There are 2 protein chains.
Amino acid sequence: NHSVPIAARVTVSKDESRDFMAVFPDLVRDITTVTKAYNCSDAAKWFAQVLQYNVPRGKKNRGILTVLTYKNLVPTQDLTPENIKLAQYLGWCVEMLQSFFIISDDVMDNSTTRRGQPCWHKVENVGLTAINDALMIENAMYAILKKHFSHLDCYVALMELFHEITYITTCGQSLDQLNSNRCVSEFTMENYKAIVENKTAYYSFYLPFALALHLAGYKDAEAFRQSKTILLEMGNFFQVQDDFLDCFGNPEVTGKIGTDIQDNKCSWLAVVAMQRANVEQKQIMVDCYGKEEPAKVERVKELYKELGLPSTYAIFEEESYNMIKTHIQQTSRGVPHQTFLQILNKIYQRDS
Amino acid sequence: NHSVPIAARVTVSKDESRDFMAVFPDLVRDITTVTKAYNCSDAAKWFAQVLQYNVPRGKKNRGILTVLTYKNLVPTQDLTPENIKLAQYLGWCVEMLQSFFIISDDVMDNSTTRRGQPCWHKVENVGLTAINDALMIENAMYAILKKHFSHLDCYVALMELFHEITYITTCGQSLDQLNSNRCVSEFTMENYKAIVENKTAYYSFYLPFALALHLAGYKDAEAFRQSKTILLEMGNFFQVQDDFLDCFGNPEVTGKIGTDIQDNKCSWLAVVAMQRANVEQKQIMVDCYGKEEPAKVERVKELYKELGLPSTYAIFEEESYNMIKTHIQQTSRGVPHQTFLQILNKIYQRDS
Ligand SMILES: [Mg+2]
Ligand SMILES: [Mg+2]
Ligand SMILES: [Mg+2]
Ligand SMILES: [Mg+2]
Ligand SMILES: [Mg+2]
Ligand SMILES: [Mg+2]
């Protein structure tokens, strides 16, 4: 049964999630105070609704990952309520960044639903104002950073990290857009990896971890480099799994019905299928991939099975998991291995 | 003749503009280098086109204002080629911020042309990708700041200033969007001022000046506060003038045909008209404002004249100019008065 992959077996505890959620009203209050100070009461009221609707949705894995990593990195005596709250604020900054990306992406893709509710731009009286709302979320994040972190040594590093990761993610989006009009015959594994790494892995995996490192006082550039390698590998694994489940997952488990084939997505399955296909099979992909007709979608799925992709995936999953474990064991710069291992077993939870 | 207001009589020198433009290729090169380092050659190539099409357009008043202010603030012996280049880079950061706002605003307003060429999202093969392109410009700006300014004392202040001004501008956009569906009978001067200040004045006037103050080494918070008051007053004046010329300007001078009446814009003319109108005149505004029919547009223009708005504007312009001069003379924190006066006479050039 391929519908529950290795990494999705462990989940974030309810307590952790509740503690994290308890900080959200403070975040909204901080932002409302800042906004009102600019003679913008009407905008502040509107923006509070924007935040409520968009930010505390989904599993909040990225935000909680920030907090869990921080807790793993610092000695118990440093786990004061104040420090934990700082880690939670950083976690909410990651969630704000994610909301900003999601709202913009949904406008660009003209999507209709997200996490079981209408996309923000599809809500009545919102429309393209969603673009500005996303920008407000992105930049309110820096007001939160300033309010709670500007007295700390790591403040500049935090700001620079958010700038860099935001830029990388927009570069990944750009690659994705450039690729989306391409024919399946032009998909390559190199392109696939570049899109996944930039569009998803940096902000979903490296960012929460690196924020926790900074808050915990790590300064060694080599510790960041080693962590980045591991977390980007996890991010790649996560996306391959997501692509696999889009086609072969059980919708009752994943909570969504995949449309990557219809959408002409440069998915791991399509890339590997093209690598393994003979001339006739390649022609089937060209004829049937990215089309709405159910018979064509079914033909692609059949071809994936003929090419043995489910077992290729199972092997990839196992190998990737083991490779990451090896890389974790090779780290040498004082980041506890347990910190990585916990993520390997926690974050590979279904989300998106 | 009201089509050339007081402040539009002086223009930026051709030399200044050419020197500023000469730095643009370096900016594109810096950004391309950064982008390629993330395995994003295709995105780097695309983004170079985005920058070329969108950033070095228009009069670049905000960028050049940054440079001119800096030159006015520092003693001659500090005007080294290196320092001037830093001021020019900061000026280009303002121009990048402006491009980011404009591209997004044109998508939200579904505009078709800008500065005599198609809006970026109307260019073939662009469409809603324009949203991501705008985000790339916004965040590439911080890569420029890091590369050229991270060794300076003022680095944190520069980043915080860009964060704050970006956030304020998105708040102004939000106010504008919330107001745009309102009936003309609900327009108020209070709302008008809040929209203008947040949406336009902060980033167009205060930002360039404050950047120059930081680069010149000013640290006195009171000097920034006094400057802010004066520059926001200039920004308000600028927008009132823009609104006036939209209706009463000579298209051969302004280079554009106004549509504020058709677009139901909360313009200075509409606000003042509603303040002065009797019951019948208010009804004319309610019936005719925000409508496409030429006869209705004409009726509004007639009403503006009946209410004496051209002479009200002339008086406002004179008074506003004098008030700003008085405030300049009252500043006391070491910012040379000439710095403000030069802007008063330079920047009130027609732009948009
Ligand atoms: Mg999407
Ligand atoms: Mg997309
Ligand atoms: Mg997917
Ligand atoms: Mg517009
Ligand atoms: Mg607009
Ligand atoms: Mg106008």
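Biologist: In this predicted model, what makes the relation between chain B and chain A that of a two-fold axis?

Modeller: Chain B can be laid on chain A by a turn of 180° with a shift of 0.0 Å along the axis, and the RMSD is then 0.0 Å; that is the relation of a two-fold axis. The same surface serves both copies, since 100% of the contact residues of chain B recur in chain A.

Biologist: Which residue of chain B comes closest to the rotation axis?

Modeller: That residue is B:Val156, whose C-alpha is 3.5 Å from the axis.

Biologist: Where does A:Asp105 lie in chain A, and with which residues is it in contact beyond its neighbours within four places in sequence?

Modeller: A:Asp105 belongs to helix H5, residues 81-108 of chain A, and, with those sequence neighbours left aside, its contacts are A:Arg114 and A:Gln173.

Biologist: What makes the reach of helix H9 of chain B close to the expected one?

Modeller: The expected span is 1.5 Å times one less than the number of residues; for the 28 residues of H9 (221-248) that expectation is 40 Å, and the helix reaches 40 Å from its first C-alpha to its last. H9(B) is also mostly covered, with 22 of its 28 residues buried.

Biologist: How do you know that B:Asp220 caps the N-terminal end of H9(B)?

Modeller: A polar contact requires N or O atoms within 3.5 Å, and a side-chain oxygen of B:Asp220 lies 3.0 Å from the backbone nitrogen of B:Glu222.

Biologist: Which residues touch the most other members of the largest nonpolar core?

Modeller: Of its 243 residues, A:Tyr304 and B:Tyr304 do; leaving aside neighbours within four places in sequence, A:Tyr304 is in contact with residues including A:Phe248, A:Ile261, A:Leu269 and A:Met285.

How values were computed: Residues are numbered from 1 along each chain as its sequence is written. Chains are lettered from A and ligands numbered from 1 in the order in which they are written. This is a predicted model: local features need pLDDT of at least 70, side-chain atom pairs count only at pLDDT 80 or more; totals for chains, interfaces and linings use all residues. Side-chain values use heavy atoms; hydrogens and water are left out. A nonpolar core is a set of buried Ala, Val, Leu, Ile, Met, Phe, Trp, Tyr and Cys residues joined through side-chain atoms within 4.5 Å. Buried means under 20% relative accessible area, exposed over 50%, partly exposed in between (1.4 Å probe, protein chains only). Contact means heavy atoms within 4.5 Å. Helices (H or I, at least four residues) and strands (E, at least two) are DSSP runs, numbered from the N terminus. A polar contact is a pair of N or O atoms within 3.5 Å; within protein, one must be able to donate a hydrogen and the other to accept it, and residues adjacent in sequence count only if both atoms are side-chain atoms. Copies are superposed by least squares on the C-alpha atoms of residues with pLDDT of at least 70 in both.
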